[in-house]
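Open the model in your viewer and keep the selection tool at hand.

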Amino acid sequence: MATKNYADAMLDVLTAFMEEDPNFVVMGNEVLGIGPEAMQFGAFQEKYGDRIYFPPCSEASYSAIAAGAAMCGQRMFLHLGLAPFAYPAFSTIASEVSTARQGSGGRVSVPATFHMSHGLLHGGASQHSESPMGMFWNVAGIEIVVPWHPGDLKGLLRTALKSDNPSLVITHAFGYGVEGEVPDDDKYEIPLGKADVKREGADVTIVACSMMVAASLEAAETLAADGIDAEVIDLRTLVPLDEQAILDSVAKTGHLVVTDEGRLRCGVASEIAATVAQHGFDSLKAPPARVARADAPVPGNQIQEGYLAPSAEKIVAAAKQIAGGVPAPA
């Protein structure tokens with residue numbers, strides 16, 4: 001194990017694929033974001049520049065090119081930039097990429113991994129601050145990875161890139177500098193559909209993905225000081241979803257809080273709450289609580305953005321309401 005940041009973990013995987021597959025390519029601009037970690041891309045670009053493509057800012061066109069190339073057998077990593085920039089590519093992802101494998105009876109593989117950065121950017125306004133996990137989750141036929149820990153990113157990204165199914169890897173825009181222990185093995189993989197219990201607890205289950213895992217762990221420490229023992233589950237992937245890990249935890253705690261940086265309606269939090277209500281109702285001692293982004297466009301004002309955003313404080317309040325007998329705020 002070595003302590004690395006998110007950007008290093010991603011480069012570990014991309015470098016390994018460049019070495020293993022002479023036809024593997026990387027396409028996209030600002031693959032490691034625009035923060036200080038962007039400089040880490042330099043050495044990779046210098047070494048593999050003949051297989052790195054920097055397309056014009058036309059996501060609809062270059063995603064379509066990538067889709068066609070993948071259907072012809074080209075394995076690739078395609079970076080779409082911030083999540084709102086992926087919207088012009090939605091038609092390709094939803095109508096072509098996600099349907100090709102099933103529509104061809106398995107004869108056409110689509111070994112393309114689409115990557116985007118999501119999240120509230122503390123002043124990025126609506127054009128730069130989307131978290132559309134729920135929107136893409138509603139597209140059948142595409143694997144969806146939503147990691148937070150750098151070690152998880154390394155293992156899950158490699159699994160996604162090896163897959164002959166189209167994959168969507170959604171990381172947080174503020175995650176590139178996050179550090180953690182990362183396995184040294186270049187072939188390290190984590191199977192999709194395996195959630196991870198980041199903290200064990202007995203009183204309430206907190207289910208999260210991406211950066212909300214960090215917020216949930218912070219909330220769990222605050223709750224512990226008030227005598228509420230929270231278990232934190234990191235989903236890690238949405239497709240496939242590890243329903244059993246969630247249901248097993250709720251069967252133990254009897255209480256559920258789901259948090260998601262996407263919007264409340266038709267989002268990750270709503271889907272997980274509905275799943276537990278349907279399949280784990282008998283385990284629940286109180287209704288599930290959802291902590292997600294409010295259903296409104298994101299303002300450019302950071303104070304207003306903070307009002308809309310999920311947070312550790314809001315997770316604590318939700319957990320206390322359902323597990324600690326604290327009345328809901330007026």
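Select the five strands that form an open sheet, in the order β9-β11-β10-β13-β14. Strands here are DSSP runs (E, at least two residues) and helices are runs of H or I with at least four, numbered from the N terminus. The pairing in this sheet is mixed. Two strands pair if DSSP finds at least two bridges between them. Colour the edges next: β9 (196–199) and β14 each pair on one side only. From one strand to the next, the twist averages 25 degrees.

This is a predicted model: local features need pLDDT of at least 70, side-chain atom pairs count only at pLDDT 80 or more, and totals for chains, interfaces and linings use all residues. Residues are numbered from 1 along each chain as its sequence is written, and side-chain values use heavy atoms, with hydrogens and water left out.

Now zoom in on β10 (residues 204–208) and β11 (residues 230–234). They run parallel and pair over five bridges. Pick V207: opposite stands I233 in β11.

Axes are lines fitted to C-alpha atoms, for helices over the stretch in contact, and angles run from 0 to 180 degrees between N-to-C directions.

Stay with β14 for the next stop. Which element gives the most to the lining of the second largest pocket? β14 does, with four residues. A pocket is an open set of points on a 1 Å grid over the protein atoms alone, where a 1.4 Å probe fits, with protein on both sides within 12 Å along at least five of seven lines; lining residues have an atom within 4 Å of a point. Select β14 (289–293), α10 (302–308) and α11 (312–323): each supplies at least two lining residues. Show the side chains of the lining, including L264, R290, Y307 and K314. The space is about 300 Å³, a volume filled by probe spheres set on the points, which are joined across faces, edges and corners.

Last stop: the largest pocket, with about 450 Å³ of space. Of its 22 lining residues, E30, G33, I34, L82 and F85 are the closest to the centre. Two elements give two or more residues to this lining: α3 (59–71) and β4 (76–82). β4 gives the most, with four.
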